[in-house]
Amino acid sequence: MSDRPLLMIPGPIEISPAVQAATGIAPPSHVSPAFIEGFGSALASMRAVWQADDRALPFAVPGGGTLAMEAAATNLVAPGERAVVASTGYFGDRMAEMLRRRGADVVLVPSAIGDAPTLAAVGQALATAPTKALFVTHVDTSTGVCVDPAPLAALAREHGALSCFDGVCATAGETFDMAGWGADVYLTASQKAIGLPAGLALWVASERALAAREALSVPPPLTLDWQAWRPIMEAYLAGKPSYFSTPPTTLAWALRTGLDEILAGGATPAAAMQARFALHSRSAEAMRAGWTALGLTAVPVTRQQTAHTLSALWLPDGADASLPSRIAAHGVIVAGGLHPEIRTRYFRVGHMGDVLNHPDRLLTTVRAVGLGLRDAGVTVDVDGAVAATAERLGAA
Ligand SMILES: *Cc1c(COP(=O)(O)O)cnc(C)c1O
């Protein structure tokens with residue numbers, strides 16, 4: 001990957017050589033036997049990566065995370081039905097807007113920037129009136145806040161509501177046990193921690209969620225309709241071709257490679273996922289050591305609520321929103337702010353997926369951030385920060 005600077009934004013991310021090679025094949029037909037086998041296998045692997053049971057159905061359709069969100073919103077909730085959105089930033093607010101457009105009765109449980117709604121606040125919102133579904137962002141990429149989905153999924157069940165988690169910046173990077181926790185929808189897009197180029201919307205829906213769609217009084221738009229896609233996914237899982245709208249066959253082919261790589265990290269799928277989550281957690285700790293040594297503070301207000309897949313960092317005194325371009329001058333692309341209320345006051349660094357297998361690239365990133373800060377006139381100990389990260393990575 002030497003034809004451009006190192007890409008350390010919260011998606012798209014650096015992809016592995018094997019995934020990149022898989023995207024280089026001649027475009028397969030969606031009904032060729034090899035493709036049917038490959039796509040079916042990728043769908044089966046999704047269940048393993050999501051830690052979902054066999055009754056839950058994986059979907060891989062053309063689109064992005066936003067499409068997966070809108071499909072969830074419109075397949076779970078009919079006009080007039082009540083939905084609770086526990087928002088931790090920009091993407092929670094986006095989900096609320098989609099549900100409003102669907103005509104749902106939306107109750108937003110907000111939080112201060114960098115914080116998350118308390119369980120008590122979410123519980124109260126669910127208890128006020130019968131609620132169809134609870135929507136939560138696992139990692140809100142605009143604030144770097146990570147919530148613990150387990151108690152929220154349990155809370156939704158307690159109140160007879162479905163639970164839907166936006167995992168676009170989390171899936172395959174942050175601990176998630178779909179079957180174990182009884183979560184109903186976990187959605188993502190191919191360009192984030194899954195480690196592919198952009199272009200596939202991915203989600204797994206529980207048996208309860210599928211039943212809720214079947215019982216829906218007003219169907220969603222056809223291209224978003226789980227019922228339209230469901231027979232296609234079931235056919236490929238059964239080794240048969242089927243057509244509704246042409247899948248991005250090259251990406252669907254590479255999906256198998258990407259998921260197989262993830263699942264190769266352990267003797268069982270559960271062990272592989274555990275190892276994968278641990279790698280993200282360890283790497284995030286190491287990046288944090290570097291940020292601390294550079295005098296940077298995180299947007300999330302507690303460490304427990306801080307994502308492992310990206311860092312959202314306040315700009316220190318002296319630096320301004322030009323920092324990302326100053327960092328780019330040192331060979332690493334990071335992202336600016338996204339949350340409208342603080343957009344020009346912070347920046348974001350993605351650290352998920354294959355890049356975590358390359359400690360040298362993480363050190364390069366910390367160095368580039370340090371040099372960018374120095375160029376902005378901030379006094380920093382760049383070598384000290386790189387050493388702090390290296391020590392945590394065991395890469396000194
Ligand atoms: C990136 C992201 C999205 C949107 O995904 P797109 O593929 O850009 O549509 C939604 N939710 C979260 C949490 C994200 O990080």
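This is a predicted model: local features need pLDDT of at least 70, side-chain atom pairs count only at pLDDT 80 or more; totals for chains, interfaces and linings use all residues.
Which residue forms a salt bridge with Asp184?

**Figure 1. Asp184 pairs with Arg208.** The partner of Asp184 is Arg208, and the closest N and O atoms of this salt bridge are 2.7 Å apart. The two residues come from distant parts of the chain, 24 residues apart: Asp184 sits in the loop between α7 (178-181) and β9 (185-189), while Arg208 belongs to helix α8. Their surroundings are worth a look too. Asp184 is buried, with a relative accessible area of 0%, whereas Arg208 is partly exposed at 32%. As background, side chains of opposite charge can pair when their charged atoms come close.

**Figure 2. Glu207 of helix α8 reaches Arg55.** Here the closest N and O atoms of the salt bridge between Glu207 and Arg55 are 3.1 Å apart. Glu207 is in helix α8 (residues 207-214) and Arg55 in the loop between α2 and β2 (57-62), so this pair links parts of the chain 152 residues apart. Glu207 is partly exposed, with a relative accessible area of 46%, and Arg55 is exposed, with 54%.

Figure 3. The side chains of Glu37 and Arg256 meet in a salt bridge, with 3.2 Å from N to O. Because Glu37 lies in helix α2 (residues 33-50) and Arg256 in helix α10 (residues 249-263), the pair ties together parts that are 219 residues apart in sequence. Glu37 is partly exposed, with a relative accessible area of 46%. Arg256 is also partly exposed, with a value of 21%.

**Figure 4. Salt bridges can share partners.** The structure holds 17 salt bridges. Some of them share partners, and in this way Glu285, Arg288, Arg303 and Arg392 are joined into one network.

**Figure 5. Helices α2 and α10 pack against each other.** On the α2 side, the residues in contact include Phe35, Glu37, Phe39, Met46 and Val49. On the α10 side, they include Trp253, Leu255, Arg256, Leu259 and Ile262.

**Figure 6. Helix α10 has a set of buried residues.** The 15 residues of α10 should span 21 Å at 1.5 Å a residue, and the end C-alpha atoms are 21 Å apart, which agrees. Which residues of α10 are buried? They are Thr249, Leu251, Ala252, Ala254, Leu255, Gly258, Leu259, Ile262 and Leu263. The elements that cover these buried residues include α1 (17-22), α2, β2, β10 (200-205) and α11 (269-293).

**Figure 7. Helices α3 and α4 form another packed pair.** Helix α3 (residues 65-76) and helix α4 (residues 90-101) pack at an angle of about 45°, and their axes are 9 Å apart. These two helices are therefore oblique to each other. Their crossing is right-handed. From α3, the contact is made by Thr66, Met69, Glu70 and Ala73, which meet Phe91, Arg94, Met95, Met98 and Leu99 of α4.

**Figure 8. A cis peptide bond joins Gly11 and Pro12.** The omega angle of this bond is about -5°. To find the spot, look for Pro12 in the loop between β1 (6-7) and α1.

Figure 9. What is the phi of Gln51? It is about 55°, a positive value although Gln51 is not a glycine. Gln51 is placed in the loop between α2 and β2. Ala172 is not a glycine either, and has a positive phi of about 80°. This alanine is found in the loop between β8 (162-166) and α7. Ala172 is buried, with a relative accessible area of 2%.

Methods
Residues are numbered from 1 along each chain as its sequence is written. Side-chain values use heavy atoms; hydrogens and water are left out. A salt bridge is a side-chain nitrogen of Lys or Arg within 4 Å of a carboxyl oxygen of Asp or Glu. Helices (H or I, at least four residues) and strands (E, at least two) are DSSP runs, numbered from the N terminus. Buried means under 20% relative accessible area, exposed over 50%, partly exposed in between (1.4 Å probe, protein chains only). The expected span of a helix is 1.5 Å times one less than its number of residues. Contact means heavy atoms within 4.5 Å. Axes are lines fitted to C-alpha atoms, for helices over the stretch in contact, and angles run from 0 to 180 degrees between N-to-C directions. Angles under 35 degrees count as roughly parallel, over 145 as roughly antiparallel, 65 to 115 as roughly perpendicular and the rest as oblique. A crossing is left-handed if the near helix is turned anticlockwise from the far one by less than a right angle, and right-handed if clockwise.
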